[in-house]
Amino acid sequence: MNKEILLSFHTNIAATANPNTQNGCVVAVGGFDGVHIGHLSLIKALTDQAKRLSLPAVVFMFDYFDNPKNGNQMLLSPNLGASILMDNGVDIVLTAPFSK
């Protein structure tokens with residue numbers, strides 16, 4: 001069976017100009033369907049570690065299937081979530097669909 005995974009890619013200009021992106025990155029993985037104080041604490045730890053290592057801070061987040069009938073309702077759109085994350089120091093946000 002052939003499956004296709006589509007990723008949305010958001011980046012800060014500084015991350016694309018950073019030559020260290022070829023040397024690795026510091027990654028946080030999660031839903032991030034609403035960026036709350038707990039998420040911001042995690043993002044602070046992520047960006048602090050990335051700065052210490054001179055690597056880009058990356059968030060890989062899931063774009064959950066938004067279906068209020070099943071009780072699944074995202075608090076923020078993936079684009080707005082990515083924007084908030086980047087406003088808080090994240091260099092790159094990758095978003096993948098997650099529907100099951």
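I count two residues as in contact when they have heavy atoms within 4.5 Å. Leaving aside neighbours within four places in sequence, I find Leu85 in contact with Phe32, Val35, Ile43, Val59, Met61, Val90 and Val93.

The model is predicted, so I keep to its limits: local features need pLDDT of at least 70, side-chain atom pairs count only at pLDDT 80 or more, and totals for chains, interfaces and linings use all residues. Residues are numbered from 1 along each chain as its sequence is written, and side-chain values use heavy atoms, with hydrogens and water left out.

I took helices (H or I, at least four residues) and strands (E, at least two) as DSSP runs, numbered from the N terminus. The chain has three helices and four strands, in the order β-α-β-α-β-α-β.

Next I looked at α2. Its 17 residues (37-53) should span 24 Å at 1.5 Å a residue, and the end C-alpha atoms are 24 Å apart, which agrees. The expected span is 1.5 Å times one less than the number of residues.

Which residues of α2 are buried? I list His39, Ile43, Leu46, Thr47 and Ala50. Buried means under 20% relative accessible area, exposed over 50%, partly exposed in between (1.4 Å probe, protein chains only).

Just after α2, Ser54 has a positive phi of about 55°.
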